[in-house]
Amino acid sequence: MLHTFVVYVENKPGVLSRVVSLFRRRGFNIDSLTVGRTEKPEVSRMTIVVDASEDAARRIMANTYKLVNVLLVDDVTNEPAILRDLTLVKVGAAHEARSQVLELAEVFRARVLDIAAESITLEMTGGEEKVDRLLELLTPYGLLEVVRTGVVAMRRGAKSPGLDAKTAVAPGAVDDVDPAFHSA
Amino acid sequence: MGSEKPMMTGSRILWSSLEREGVRHVFGYPGGAILPAYDALKHSSIRHILVRHEQGATHMADGFARATGGVGVAVATSGPGATNMVTGIATAMMDSSPIVCITGQVGSKLLGSDAFQETDITGVTLPITKHNYLVTRADEVAHAVREAFYVAKSGRPGPVLIDITKDAQQGTCEFDWEAAAPRLRGYRPDLSPAKEEYEKALQLIRESKRPLILGGHGILVSGAMQEVQAFAERASIPVAMTLLGLGALPASHFLNLGMMGMHGEAWVNTTIQEADLLLAFGMRFDDRVTGNLKTYAPNAKKIHVDIDLAEINKNVKVDVALVGDLRKILQELLPRIEPKNGQKWLDHILRLKGDTAVRDIQNLPDNGHLYAAHVINDLWHETRDGDTIVVTDVGQHQMWEAQYYKHEHPRSLITSGGLGTMGFALPAGIGAKVGRPDADVWVVPGDGGFQMTMSELATIVQENLKINIAIINNGYLGMVRQWQEFFYDKNYEATPLLSPDFKKLGEAYGIHSFAVKHRADVVPTVRAAKAHDGPVLIDFQVEQEDSVYPMVAAGASLSDMIRRPTPLVETAQDE
């Protein structure tokens, strides 16, 4: 299943490549990865979506923590959280297609960024599923270009894990094991 | 401004920082990009040992660290100097050995321009260092050194590399040691288990009838030798050792069964398969100790004590994990362990041992052949009483050493386990001797591995180190030949190995050298080596096609061991 991790790292050169190198080396398959600044200038924040079993997800957290520049790893997969993905899509839309595409854009609350003779460019922000559905409906008109940023995530409510938390991992929790992992 | 801090170059700050970290020796090789640092060495009390190849420098730092429990330091220039360190860094990473590697780098303005001798060594070593630093300014040097030492030796130890540009070495700034303290907000080397995990562990121990401790390198790293022994004695639990754990519990201790795994003792592997509880202390269930995971210890619950959370459930699914420092965890557990009588279980294991004696090459009378096992056994008898460190390379001789040299003391065996690096022994032995000058160091390589790094013979002579080298020379890349014999229809492709006359080679370096072909000559030659006050080289020309038994084939079950054929073979050559 897809796991979503929010990873707080020190804002230093080379940290992104350390994280990516770790995932590559251990064979963890990244579905999407975003990185950006936060409210603290010395801290960057990544959202990493990985296809992994529960057991593999725990090892991903443990290995990520071993990187000296990693401050906190928060697995928000099963937490109330907002997940957002920004998509730009350029659709072929001349003549009568144009109004149909604009109609779809309105229903999905996608913003129209550019209208040209042969195309319309939309901006869509939302959960991944909603974006997937819009793209599906636009496909018959011809998707000329699509770019997606990948997911960014934030927990709902005022409570976010503090960066001072010493042990956010629960060592030795081995209850809900994925049996598939070890038969491999 | 009351306390004026001295203005210093980055180079002088480097050596001063190393001094403050307690460094007295570094192993290195100069070159263009590290020259400013070498120029400043004249101001330092640190002794520099000139190696013959940078790989040697890293193995020396590693051997130093393993012999002393401290941090070893290696120095090289940029580009090829730095890339030559890669094998040694990977070796230290796999065996959790704390070393700090310092490399020169081209000037910061040239970074990324493919300048002469420029290599992105922080990029290259990213996956094989615990952490690394690229330092481009003099005022970052002290801080990088302080953090590097802290990271290298804390938690699960490992190698750290500091790459310092030439202008950072030449630049000048205030040397402020206090301000250079580590600032590692995210680094957490000191995890400790939750209360309920202790309870679960204690319950499993109470319920077990056939428990077994698996003792690994972590016992030595944590310094938990006494605690492990007390724990085993109190609960009457036998102990099986990993290769890197040997010496953590005296081999002569009645609960010490010996080595487990691919070339472990047969009774040890059988005991693992029959146990109902495994207590893994500072080991990581490497494939060389587990064999096939599907059939590994099928009846056993498992308790895993390790400082690295990422090792938990990596290879073997465990029932209880205690993540933290082994010594502290055992101190917590010890008073709560109920004394137990495990005599029935121990008697059973003793019976398993009896089966092995008839297959032991040790029991073969002298038939004119020289067997490696006999050499190792005689060497052990002659050197067991002193403070002896044996440093082995990788292959058959390494396994024979592990089987027949009975290590009584911690840090008396130094060998490359995880990476299996041929060429490790000679330079690692140099590091061990520099770190513990009063110990007798015996470097025991095969004829293959020795030829990979034998250029360091010159280092031994130049540094006037009393090191004894006992080459186990069988004219083959022996372990690969053994695999070819067992698994590739005896197709000895690329394993017959020509060597120089090692005795003459040693003499060319001015090293007192011997060649030994008969068993009767082993003991007198070892004694002569001990009596000689300089370095000694002995070329033990042993039986060419002997194999290491027992053996669990790669991927096979621990229950499925290839045993030495009985009656003991009269090998080859009378034909």
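**Close-up views of a predicted two-chain model**

View 1. Among the 205 residues that make up the largest nonpolar core, the ones touching the most other members are Ala74(B), Val100(B) and Ile162(B). Helix H7 of chain B, residues 141–153, gives this core its largest share, nine residues. Please keep in mind throughout that this is a predicted model.

**View 2. The surroundings of Ala74(B).** Which residues does Ala74(B) contact, once its neighbours within four places in sequence are left aside? They are Val26(B), Phe27(B), Gly28(B), Ala57(B), Thr58(B), Met60(B), Ala61(B), Met85(B), Ile99(B) and Cys101(B). Elsewhere, a second, separate core holds twelve residues, among them Val91(A), Ala93(A), Met124(A) and Leu138(A).

**View 3. Chain B as a whole.** The C-alpha trace of chain B spans about 75 × 65 × 40 Å along its principal axes. Of the 575 residues in chain B, 54% count as buried. Among contacts in chain B with a separation of 6 or more, 78% come from residues 24 or more positions apart.

**View 4. Helix H21 of chain B and its buried face.** Helix H21 covers residues 478–487, and its buried residues are Gly478(B), Met479(B), Arg481(B) and Gln482(B). Looking down the axis of H21(B), these buried residues fall within an arc of 155°, so they line one face of the helix. An α-helix has 3.6 residues a turn, so residues three or four places apart point the same way. The packing partner of the buried residues of H21(B) is helix H17 (396–404) of chain B. After H21(B) comes Asp489(B), which has a positive phi, near 55°.

**View 5. Where chain B meets chain A.** Here 26 residues of chain B are in contact with 23 residues of chain A. On the chain B side, strand E14 (residues 320–323) supplies the largest share, four residues. What is the make-up of the side of chain B that touches chain A, in nonpolar, polar and charged residues? That side has 17 nonpolar, three polar and six charged residues.

**View 6. Confidence along chain A.** The average pLDDT of chain A is 86, and 86% of its residues score at least 70. Over residues 165–184 of chain A, pLDDT stays under 50, and the model has 40 contacts beyond four places in sequence for this stretch.

Note on methods: Residues are numbered from 1 along each chain as its sequence is written. Chains are lettered from A and ligands numbered from 1 in the order in which they are written. This is a predicted model: local features need pLDDT of at least 70, side-chain atom pairs count only at pLDDT 80 or more; totals for chains, interfaces and linings use all residues. A nonpolar core is a set of buried Ala, Val, Leu, Ile, Met, Phe, Trp, Tyr and Cys residues joined through C-beta atoms within 7 Å. A residue is buried if 20 or more other C-beta atoms lie within 10 Å of its own, exposed if 12 or fewer, and partly exposed in between; C-beta atoms are placed from the backbone. Helices (H or I, at least four residues) and strands (E, at least two) are DSSP runs, numbered from the N terminus. Two residues are in contact if their C-beta atoms, placed from the backbone, lie within 7 Å. pLDDT is the predictor's confidence in each residue, from 0 to 100. The arc is that of the directions from the helix axis to the C-beta atoms. Ala, Val, Leu, Ile, Met, Phe, Trp, Tyr, Cys and Pro count as nonpolar, Asp, Glu, Lys and Arg as charged, and the others, Gly among them, as polar.
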